[in-house]
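Dear colleague,

I am handing over the structure below, together with an account of what was found in it. Could you please read the notes with the coordinates open beside you?

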Amino acid sequence: MKLFVWICVLILLSSTALLVGKYPVNFISLISGNGASPEDINTFKMIIINSRLPRILSALLIGGCLSAAGAVYQGIFRNPMVSPDMLGASSGSAFGAALAILFRFSIKGVEALSFASGIAAVAITWTISSTVSKARSSLVLILSGILVSTVFTSLLSLVKFTADPYSKLPDITFWLLGNLSAVSLSDTVFVSGCALLGFIPLFLIRWKINVLSLSEDEARALGMNTRAYRLIIIACATLMTSAAVSVCGLIGWVGLVVPHIVRMIFGPDYKTLVTASIVIGGIYLLTVDTLARYVLSIEIPLGILTAIIGAPFFIYLMTKSERGWS
Amino acid sequence: MILETKNLSCGYSGQALIEKINLRISSGETVSLLGPNGVGKTTLFKTLLGLLKPVSGAVIIDDENIENMTQSSRASSIAYVPQASEVFFPYKAEEIVMMGRAPHIGFFRTPAKNDHNHVDAALSALSIRSLAKRVFTELSSGEKQLVLIARALAQQSKFLILDEPTSNLDFGNQSYVISEIKNLSTRGIGIIMTTHHPNHVFESEGTVILIDKQRKISVGESKEIMTKENLKTVYGINVEIATHESEHGGTHCYCVPVGCKRSKR
């Protein structure tokens, strides 16, 4: 019921976001066809379909993906401070993108390499942790994740170091800041495909994630095949995170902060938490992105804004919620 | 149902802590496991639960080796009540109890009406329905312990393994939890629990497994095993065992340490 209200809020916000923007679109003439020249109407359509619509949909999808991935990671790693970057997906994607920019790949090529290396990074993390430890401890997985992230971040620095400081380096830097201004309709289709592929399994096993958030021994004593579940969850979360990062760059704090907001509204039960994270995450990123492109006179990259808004908000959450994760 | 161990040795990475233990526990029976720290009680429990592979020997439930069972069918036979559950999110008590239904809820399923009924029944059985909507992490240790026992009840297993169920409780709650556990055995559940208090063994009656410092294992009725000689070898202190005619009826055994100077170890 509560979720239904929030879905209505999401639809309302999306429609509003479609109406606002730097370029004044006259909707009355767009719909009725009066009071504007045919060229104007064409421009209006172009802006709506090729610019605002993909951007709004991408903001919703990416916000939703990052939040859902963060929410399930916090559960399976039993740690409220975990974000979707945990196992190296973001640093892998960032490195892939930078490398592709260095080698003058097309935009599609940058996205593809970024997506692939995000997934590769997590695969490496998983392989390391399962070779190192048979004990299936999530601590080993987290440590391997930190390790792999560090290596990919260093490789990224190496790419930056070798990049031409006048042409390539600014491109890489700008890409890393996280931005939705360049998304196209095909990007949106790609992200929505990945989002759906990642979301469906998570949705189906959503209640079981609760049991996984208990200690390893308890979860297994409650009949859970913890390794299989964890593998499914990590695969889905990685797919969603890598797709999001490959299209829009690094957007931090969403996957960390939003799950906590969702828990405050809906409670900790993953039965609703997974879907609610998608909805609230979408609302959050759409709001921030709309503010970024409409309110401020120069457009500030989204990744900067989510961090500037996210960090103080997180402090506020910490002071307010002494429950559960003190 | 019968839970058996056949020449079971258990420990970590091939190194046996407890060797060649033979047990036979039927549902409805209470077994207390008593022994000093570090002799391998928790290791034995983990092996019984199938969380740890036995070094040798086998754990058998109704003629089936638990190693051949799936994780969820094992969980439908044996439930585990940990000493304390690390819960990181503000789950309500009823949500925690619902997690006991996990082995009965299919791969892609969420709790159904029937599962909610089992949760209600488990909460009522321990008279803690009033805790249902409370946040688990905000409950007192005694209340938490009862919620965890309710979770194991909702799991509907025939055997319950409790790891020091009274360890963090105050004096009153200790007795209360022990009497609730005793009640469960009258419902046909086989109970295996560890405790650090010899008196709880007298309270819960039933069979005792005593493991001394040399990991020598004695199994038997509480009256024959819980002698002051045995307790002295296990804990290394002098104890006296006394009986007391209660004004509330019945006689109670209890044990007290006397002269806390440690005897030779």
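**Helix H1 of chain B and its surroundings**

In this model, which is predicted, H1(B) is followed by Gly50(B), a residue whose phi is positive, near 80 degrees. The helix itself spans residues 41-48 of chain B, and because six of its eight residues are buried, it is largely enclosed by the rest of the structure. The buried residues of H1(B) are Lys41(B), Thr43(B), Leu44(B), Phe45(B), Thr47(B) and Leu48(B).

What does H1(B) lie across? On the one hand, H1(B) lies across strand E3 (30-34), E6, E7 and E8 of chain B, with a direction at about 155 degrees to E8(B). On the other hand, H1(B) lies across E1, E2 and E4 of chain B, and here the helix runs at about 125 degrees to E1(B).

**The six-stranded sheet of chain B**

The strands E6-E7-E8-E3-E9-E10 of chain B, in that order, make up an open sheet of six strands with mixed pairing. Strand E6 (78-81) and strand E10 (217-221) of chain B are found at its edges, and since each has a single partner strand, one side of each is left without a neighbour in the sheet. If direction is ignored, neighbouring strands of this sheet are turned by 15 degrees against each other on average.

Within the sheet, strand E7 (residues 159-162) and strand E8 (residues 190-195) of chain B pair in the parallel sense, over four bridges, and Leu160(B) stands opposite Ile191(B) in E8(B). Helix H6 (residues 171-186) of chain B lies across E3, E7 and E8 of chain B, and it runs at about 155 degrees to E8(B).

**The four-stranded sheet of chain B**

An open sheet of four strands, with antiparallel pairing, has the order E2-E1-E4-E5 in chain B. Its edges are taken by strand E2 (15-26) and strand E5 (64-65) of chain B, each of which has a single partner strand, so that one side of each is left without a neighbour in the sheet.

E1(B) and E2(B) pair in the antiparallel sense over eight bridges, and Glu4(B) has Arg24(B) in E2(B) as its bridge partner. The two strands, E1(B) and E2(B), form a hairpin with two residues between them, and Ser13(B) in the turn has a positive phi of about 35 degrees. As for the pairing with E4(B), strand E1 (residues 2-12) and strand E4 (residues 56-61) of chain B are joined in the antiparallel sense over five bridges, with Lys6(B) standing opposite Ala58(B) in E4(B).

**A cavity lined by chains A and B**

The structure holds two cavities of 30 Å³ or more, and the second largest cavity contains about 40 Å³ of space. Which residues line the second largest cavity? From chain A these are Arg220(A) and Ala221(A), and from chain B they are Leu49(B), Gln71(B), Arg74(B), Ala75(B) and Ile78(B). Helix H10 (216-221) of chain A and helix H2 (71-77) of chain B are the elements that give two or more residues to this lining, and H2(B) contributes the largest share, three residues.

**Selected residues of chain A**

Ile48(A) lies in helix H3 (residues 38-76) of chain A, and at 11% relative accessibility it counts as buried. Setting aside neighbours within four places in sequence, Ile48(A) is in contact with Leu18(A), Val25(A), Phe27(A), Leu30(A), Leu53(A) and Pro54(A). From C-alpha to C-alpha, Ile48(A) and Val25(A) are 8.6 Å apart in space, while in sequence they are 23 residues apart.

Thr290(A) is found in helix H13 (residues 270-294) of chain A and is buried, its relative accessible area being 14%. With neighbours within four places in sequence again left aside, Thr290(A) is in contact with Ala17(A), Val20(A) and Val295(A).

Is Met1(A) buried or exposed? Met1(A), which has its place in the segment before helix H1 (2-19) of chain A, is exposed, with a relative accessible area of 76%. The C-alpha atoms of Met1(A) and Val191(A) are separated by 28 Å, the two residues being 190 residues apart along the chain.

With kind regards

Conventions. Residues are numbered from 1 along each chain as its sequence is written. Chains are lettered from A and ligands numbered from 1 in the order in which they are written. This is a predicted model: local features need pLDDT of at least 70, side-chain atom pairs count only at pLDDT 80 or more; totals for chains, interfaces and linings use all residues. Side-chain values use heavy atoms; hydrogens and water are left out. Buried means under 20% relative accessible area, exposed over 50%, partly exposed in between (1.4 Å probe, protein chains only). On a 1 Å grid over the protein atoms alone, a cavity is a set of points where a 1.4 Å probe fits but cannot get out, and a pocket is an open set with protein on both sides within 12 Å along at least five of seven lines; lining residues have an atom within 4 Å of a point. Grid points are joined across faces, edges and corners, and a volume is the space filled by probe spheres set on the points. Two strands pair if DSSP finds at least two bridges between them. Axes are lines fitted to C-alpha atoms, for helices over the stretch in contact, and angles run from 0 to 180 degrees between N-to-C directions. Contact means heavy atoms within 4.5 Å.
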